[in-house]
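Hi,

Here's the structure I promised to pass along. My notes on the aromatic side chains follow below.

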Amino acid sequence: MPSYRSIVALAAALAFAHGAETSADTSETAKDGEMDRQRAALAMSTFGAGFGPQSPRDIDAAEGHNLRFFAEAPSASQMSLCNIHFHENAEHRGGEFTTYAGNGDGKGYGSGYQYDGPLTEAELAPLDSPIGADGGHGDLVPGDTIEVHYVHTTAQVTPGPTLGACLSEAIGNPQLRVEAQVYVLVNDPSAADFEELTRLTVRNNLYQAQNIPSNTGTPVRYAGSTTGPGYNTKGSPFQVTWSVRPKVMKVNIQSVGTWLAHNHFIETHAHGVRNLVTNPDLLSPISN
């Protein structure tokens with residue numbers, strides 16, 4: 001049974017969406033209105049439908065009222081890595097990445113959260129051309145923030161492109177875990193090497209990313225979902241255990257370009273971000 005609070009929230013969302021239909025999209029306020037419309041649409045499409053907790057979220061805010069329970073996935077060392085990809089700007093907010101990038105194009109690009117700390121002029125020195133450009137989306141320059149998702153599954157699979165690589169006909173409901181790390185890109189060959197950070201090995205017949213950072217703070221663990229801008233107005237049906245590290249690591253932007261040129265996952269550019277989920281009825285409580 002939906003709570004009184006969620007019914008009131010839905011009524012407000014319906015009223016907002018109805019009143020916003022005639023808004024123009026030419027002003028900065030209208031851009032803010034577009035984000036509000038998307039959140040209203042998400043509230044309406046998930047209301048009373050039984051969706052589990054969603055992602056991304058503010059990892060510094062523990063509140064959540066979604067009680068659709070699912071068991072926490074095993075540790076990453078007991079699962080097989082199935083996919084690595086990254087988003088332009090952080091999808092999550094918190095830790096050292098709380099600077100809002102803006103509303104962007106309303107479709108996931110130019111939004112999200114950025115590294116809060118200072119960078120030197122040398123680290124920000126421009127490149128001759130951007131990294132990972134793809135039709136105007138995903139082109140990266142020094143100073144940009146990315147959020148990398150190391151996706152793991154309990155299914156017996158081989159690492160590959162998209163979430164499809166994490167699923168198997170033999171197991172219809174594998175457990176999924178994402179180890180998330182936010183990086184800031186710098187023009188510095190002495191910074192961390194992205195190819196090393198994503199290098200794969202096999203241990204106990206399980207694919208593993210052997211160099212996921214262990215010095216970027218205690219990961220915030222919570223129950224959530226898959227992300228990406230395709231879920232801005234609808235709920236994700238996938239159940240995911242998340243571990244999001246709160247500190248940012250500097251990575252050599254040139255090594256990101258090298259990885260994009262040849263990787264197991266056919267990744268060629270950064271993905272867009274899903275809007276931060278702020279509706280408590282779509283968030284799980286954080287207990288750690």
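Phe86, Tyr183, Phe194, Trp259 and Phe265 form one aromatic cluster. This is a predicted model, where local features need pLDDT of at least 70, side-chain atom pairs count only at pLDDT 80 or more, and totals for chains, interfaces and linings use all residues. Residues are numbered from 1 along each chain as its sequence is written, and side-chain values use heavy atoms, with hydrogens and water left out.

The whole structure has seven aromatic pairs (ring centres of Phe, Tyr or the six-membered ring of Trp within 6.5 Å; planes under 30 degrees apart are stacked, over 60 edge-to-face, the rest tilted). Take Phe86 and Trp259: their ring centres are 6.1 Å apart with the planes at 40°, so this pair is tilted. Phe86 is in strand E1 (residues 80-88) and Trp259 in helix H4 (residues 253-261), so the pair ties together parts 173 residues apart in sequence. (Helices, H or I, of at least four residues and strands, E, of at least two are DSSP runs numbered from the N terminus.) Phe86 is buried at 2% relative accessible area, and Trp259 is buried at 4% (buried is under 20%, exposed over 50%, partly exposed in between; 1.4 Å probe, protein chains only).

Tyr100 and Tyr113 make another tilted pair, 5.4 Å centre to centre with 45° between the planes. Tyr100 is partly exposed at 38%, while Tyr113 is buried at 10%.

There's also Arg57, whose charged end sits over the ring of Tyr222, 5.2 Å from its centre (Lys NZ or Arg CZ within 6 Å of the ring centre and within 35 degrees of the ring normal).

Cheers
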